Amino acid sequence: MTANRNKGEVALDLQSVVRTYRQASGSLEVLRGASLTLRAGEIVALVGPSGAGKSTLLHVAGLLEKPDGGSVQVDGRPAENLDDGERTRLRRDTIGFVYQFHHLLPEFSAVENVMIPQMVAGVSRAAARTRARTLLDRVGLLPREGHRPARLSGGEQQRVAIMRALANDPRVLLADEPTGNLDHTTGDLVMGELVGLVRDTGLAALVATHNLELARRMDRIVELRDGLLVPYAA
């Protein structure tokens, strides 16, 4: 499906990241020096109460927001001082995103949803379709490739969303509550597939979740507490 990377290489490195939001009532410091090193082939669970800043951390790691302090390196490239165009290109080429809600384009079929990010990156339509079909086959959805999202189950929709996130062969996968909108059984199956993909490809993954049962299936758990990342202690 994708080339197996050199496991253990640093794929994402956050050092002393600060993120502050200015509000009418004053400043809200969400991240206060958060640090994390994520290596190829590693899947890390990110936990913490609602409002702790998990989504903010993922946005900074995914180059959707700039930190107010600290450093962000993706695939060995310092990213905090890149201009918008450079950040967009680095994000497109090295990072995949999966959200709680699948955000599939409803007017396109499953295979077309996986083709689109490839074509945006300059891949030909034929090559994009070939790779999209390979990815869908990886999670048993090739027979459903022509179905639009409305004709897919919740679990199938999220599987398509995961394959879309992997379409451009990223170095890093960032997932924000990827099973939060699924029932327990379906969520467990989808998470199992996600862990298997990371193991098979050498991808590095950071997965925000409230589900500690699922979190314990990953390599390690970090907790966002008071704006800092610390090892999770049950």
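In this predicted model, strand 2 gives the largest share of the lining of the second largest pocket, namely four residues. That pocket holds about 160 Å³ of space, while the largest pocket has a volume of about 390 Å³. The structure also holds 13 salt bridges, some of which are described below.

**The second largest pocket**

- The lining of the second largest pocket is made up of Leu28, Glu29, Val30, Arg32, Pro49, Gly51, Ala52, Leu224, Arg225, Asp226 and Gly227, and the elements that give two or more residues to this lining are strand 2 (26–39) and strand 9 (220–225).
- Sorted by class, the residues lining the second largest pocket are five nonpolar, two polar and four charged.

**The largest pocket**

- Around the largest pocket there are 15 lining residues, and those nearest its centre are Arg92, Ile95, Gly96, Phe97 and Pro117.
- Two or more residues of this lining come from each of helix 2 (84–94), strand 6 (95–98), helix 3 (110–120) and helix 5 (154–165).
- By class, nine of the residues lining the largest pocket are nonpolar, three are polar and three are charged.

**Salt bridges between separate parts of the chain**

- Arginine 171 and aspartate 75 form a salt bridge in which the closest N and O atoms are 2.8 Å apart; the two residues are 96 residues apart, with arginine 171 in the loop between helix 5 and strand 7 (172–176) and aspartate 75 in the loop between strand 4 (69–74) and strand 5 (77–78).
- Within this pair, arginine 171 counts as buried because its relative accessibility is 11%, whereas aspartate 75, at 35% relative accessibility, counts as partly exposed.
- Aspartate 219 forms a salt bridge with arginine 199, their closest N and O atoms being 3.1 Å apart; aspartate 219 lies in the loop between helix 7 (212–215) and strand 9, and arginine 199 lies in helix 6 (residues 184–201), so the pair ties together parts that are 20 residues apart in sequence.
- Aspartate 219 counts as partly exposed at 41% relative accessibility, and arginine 199 is also partly exposed, with a relative accessible area of 31%.

**A further pair and a network**

- Arginine 225, one of the residues lining the second largest pocket, forms a salt bridge with glutamate 223, with the closest N and O atoms 3.0 Å apart.
- Arginine 225 is partly exposed, with a relative accessible area of 40%, while glutamate 223 counts as buried at 15% relative accessibility.
- A network of salt bridges links Arg19, Arg22, Glu65 and Asp68.

Key. Residues are numbered from 1 along each chain as its sequence is written. This is a predicted model: local features need pLDDT of at least 70, side-chain atom pairs count only at pLDDT 80 or more; totals for chains, interfaces and linings use all residues. Side-chain values use heavy atoms; hydrogens and water are left out. On a 1 Å grid over the protein atoms alone, a cavity is a set of points where a 1.4 Å probe fits but cannot get out, and a pocket is an open set with protein on both sides within 12 Å along at least five of seven lines; lining residues have an atom within 4 Å of a point. Grid points are joined across faces, edges and corners, and a volume is the space filled by probe spheres set on the points. Ala, Val, Leu, Ile, Met, Phe, Trp, Tyr, Cys and Pro count as nonpolar, Asp, Glu, Lys and Arg as charged, and the others, Gly among them, as polar. A salt bridge is a side-chain nitrogen of Lys or Arg within 4 Å of a carboxyl oxygen of Asp or Glu. Buried means under 20% relative accessible area, exposed over 50%, partly exposed in between (1.4 Å probe, protein chains only).
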